[in-house]
Amino acid sequence: VPDIQGLTKQATQRLDAIQAMEELGSGFYLAMHDLEIRGAGEVLGDNQSGNMMEVGFQLYNDMLSEAVRALKSGREPDLLSPTGAFSTNTEINLHAPALLPDAYCGDVQVRLSLYKRLATAEKPEQIDAMLEEITDRFGKLPTQGQT
């Protein structure tokens, strides 16, 4: 660095952190120092680069998960076709409550598990089997659960 006096406080902190890292595995600690200096940012907020609001939360989350999965497996994420790995999902908004009330199924974890299983059911037979299971476990479905 030609002029150390002309550096910002953050730049000086980064250089100090780089100089302190001399051991194997120091990259992780350097990244942690950088995170402390810069701050974590907002992965889903307005200050994050990218266009999360343009693609929607669910698709953004799926794209982010796919990129992380690719990197963990040693592959380069496909940035030109980030949605290529996803099957097409259709979302239907009924504009009516479609849920299992607390009084019907009190355990929130069980309800979330049922919602997830229902959302990933691919065949009508799977939905019918779930309906049978739910009514067997909790009784007749309330009006909200019948939509």
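Of the 147 residues of the protein, 14% count as buried (under 20% relative accessible area, with exposed meaning over 50% and partly exposed in between; 1.4 Å probe, protein chains only). The model is predicted, so local features need pLDDT of at least 70 and side-chain atom pairs count only at pLDDT 80 or more, while totals for chains, interfaces and linings use all residues. Residues are numbered from 1 along each chain as its sequence is written, and side-chain values use heavy atoms, leaving out hydrogens and water.

The secondary structure consists of six helices and zero strands (DSSP runs numbered from the N terminus: helices are H or I of at least four residues, strands E of at least two). Among contacts (heavy atoms within 4.5 Å) between residues at least 6 apart in sequence, 38% join residues at least 24 apart.

Helix H5 covers residues 108-120 and contains Leu112. Arg111 is also found in helix H5. Arg111 is buried because its relative accessible area is 10%. Leaving aside residues up to four places away in sequence, Arg111 touches Leu100, Pro101, Asp102, Cys105 and Gly106. Leu112 has 48% relative accessibility and therefore counts as partly exposed.

Helix H6 spans residues 124-138 and includes Glu132. Glu132 counts as exposed because its relative accessibility is 60%.
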